[in-house]
Amino acid sequence: MDIQEILNLADHLIFNQTGKHLDDLQQVILRGTFQGKKYSEIAQEFQCTNGHVRDVASELWKTFSETFGEQVNKSNIRTVFDRWQFSIQHIEKDFVGIKNINFCPETSSSSETINPENLTQPTINKSQTIPKAKIDLSDAPDYKKFYGRTQKIKTLKKLILQEQKKIVMLHGMNGIGKTALALQLIKNIQNKFDYIIWQSLRDSPPLKTIQTRLIQFISNQNSTLETSENSHLLENLRKHRCLIILDDIQTIFSSGKLASHYAQEHENYSQFFQLIAQLSHQSCCLIISREKLREISTGKNKSVSSLHLKGLDEEAATKILKDQDLQVDEQWQKLIDFYQGNPTWLNIIATTINDLFSGNISELFQYDPLFLDADIKELLHQEFARLSELEKQVISHLATKTEAIAIANLLDYLQIPLSDLLNIIKSLQRRSLIEKQENNFTILPLLKQYVISNKVRI
Ligand SMILES: Nc1ncnc2c1ncn2[C@@H]1O[C@H](COP(=O)(O)OP(=O)(O)OP(=O)(O)O)[C@@H](O)[C@H]1O
Ligand SMILES: [Mg+2]
């Protein structure tokens with residue numbers, strides 16, 4: 001194999017693993033490594049820092065390790081690829097030439113598909129190393145670090161693979177790590193699907209745009225659709241085992257109303273989700289949203305499930321703070337608790353502690369009231385701007401209380417009819433803005449501070 005063939009194969013493997021092609025620096029690192037260059041020489045060639053090359057290389061070796069099912073690093077990558085080449089030559093005899101290898105079933109009539117079950121190579125477990133799915137993650141963000149969440153990944157795997165749920169809903173508040181978790185999950189289950197596609201609804205697209213893109217990806221057709229999109233898509237979900245990830249679903253809900261009310265122009269999404277949940281097929285739709293969908297809250301349908309994502313546990317949250325070089329002191333735990341293990345808030349406040357207090361957490365806590373970072377404030381502001389007027393009233397009242405309070409107390413104070421109040425509480429729960437402690441309700445300390453400092457409404 002010459003260097004170009006190695007790069008082509010590496011690109012193919014990386015694309016199957018991550019849904020993205022090798023970028024320029026990754027290519028330079030691979031070429032340099034195969035030519036026996038040091039990281040410092042590669043950095044000089046690419047005109048960037050040694051550290052950057054080292055970080056990108058380390059991620060690359062990690063992805064190859066997952067692909068090959070063994071530890072891959074700078075010193076053994078050559079051997080691993082040689083072994084791979086040896087395996088491929090054997091495969092080649094029985095199947096096709098290396099340039100025609102198609103890891104993606106039923107996507108091209110011009111090249112044959114290697115069936116991993118038929119391969120008995122001594123060095124590599126083929127069912128692990130030849131990814132089966134055709135994957136498109138081009139619409140997903142590229143996150144480098146991922147800590148913890150082992151239990152959540154286990155639960156999601158069980159729901160999707162064992163229980164074969166047709167819709168799994170992952171919900172949780174702004175920045176809590178839903179997207180990152182779903183991306184990590186895909187790495188764990190990609191070989192169980194024929195097609196995996198990630199579609200963000202960040203720009204609140206019409207349903208038809210989403211359906212067209214899904215159908216074109218799965219059926220590999222570029223033509224405009226003539227038959228009904230729903231039936232065409234469902235036909236594909238029946239024929240193939242697909243995992244569809246729809247992220248940022250909250251964008252299709254109305255602002256100023258109770259949670260998860262579809263905006264008028266997006267009402268057809270509700271029927272779409274119900275069809276996916278009710279009709280027969282072998283695929284799964286993973287729905288990611290800041291607001292829990294109401295269809296899924298009914299509990300009637302056994303083919304749908306939801307998972308509420310809360311903050312990271314202490315171990316994972318600590319790793320985020322360590323990455324930011326904060327000094328470990330007795331306030332470490334207090335910081336994680338106050339920011340509820342929310343990775344976005346922790347990253348923001350850690351940067352601030354570095355900028356203002358040279359990494360000393362205690363200095364942040366010496367001020368009263370506690371400093372509320374403008375970037376975190378902005379995120380909360382986006383969240384609160386979506387609330388209905390009555391939700392704001394309830395939240396504002398909860399913010400004045402030091403203890404969790406009962407519905408009866410809220411009823412006395414707010415003078416909102418009981419049925420309205422119960423719906424408001426349900427809605428705030430769907431948004432992950434309030435928590436139930438026994439039968440009483442409260443809001444997170446940081447939200448409390450935000451509401452009080454902004455006087456949203458008291
Ligand atoms: N388990 C994790 N380990 C390390 N970093 C994480 C983890 N989860 C999330 N992050 C980081 O936290 C930030 C927010 O994560 P993510 O985008 O997944 O949140 P989200 O819940 O999808 O947010 P949104 O509601 O805005 O879509 C990202 O920078 C991500 O890299
Ligand atoms: Mg997200």
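1. A residue is taken as buried if 20 or more other C-beta atoms, placed from the backbone, lie within 10 Å of its own, as exposed if 12 or fewer do, and as partly exposed in between. On that basis, buried residues make up 33% of the 458 residues in the protein chain.

2. This is a predicted model, in which local features need pLDDT of at least 70 and side-chain atom pairs count only at pLDDT 80 or more, whereas totals for chains, interfaces and linings use all residues. Residues are numbered from 1 along each chain as its sequence is written, while chains are lettered from A and ligands numbered from 1 in the order in which they are written.

3. The protein chain has 21 helices and nine strands, these being DSSP runs (H or I of at least four residues for helices, E of at least two for strands) numbered from the N terminus. With a contact defined as two C-beta atoms, placed from the backbone, within 7 Å, residues 24 or more positions apart account for 71% of the contacts with a separation of 6 or more.

4. Six strands form an open sheet in the order β1-β3-β4-β5-β2-β6, with parallel pairing, where pairing requires that DSSP finds at least two bridges between two strands.

5. Helix α7 (residues 150-162) lies across β2, β5 and β6, and runs at about 175° to β6; axes are lines fitted to C-alpha atoms, for helices over the stretch in contact, and angles run from 0 to 180 degrees between N-to-C directions.

6. Strands β8 (residues 434-437) and β9 (residues 440-443) run antiparallel and are joined by four bridges, with Gln437 opposite Asn440 in β9. They form a hairpin with two residues between them, and Glu438 in the turn has a positive phi of about 55°.

7. Helix α15 (residues 343-357) has 15 residues and should span 21 Å at 1.5 Å a residue, which agrees with the 20 Å between its end C-alpha atoms; the expected span is 1.5 Å times one less than the number of residues. Ser358, which follows α15, has a positive phi near 50°.

8. The buried residues of α15 are Pro343, Trp345, Leu346, Ile348, Ile349, Ala350 and Ile353. Their cover includes α13 (314-323), α16 (361-365), α17 (374-385) and α21 (445-454).
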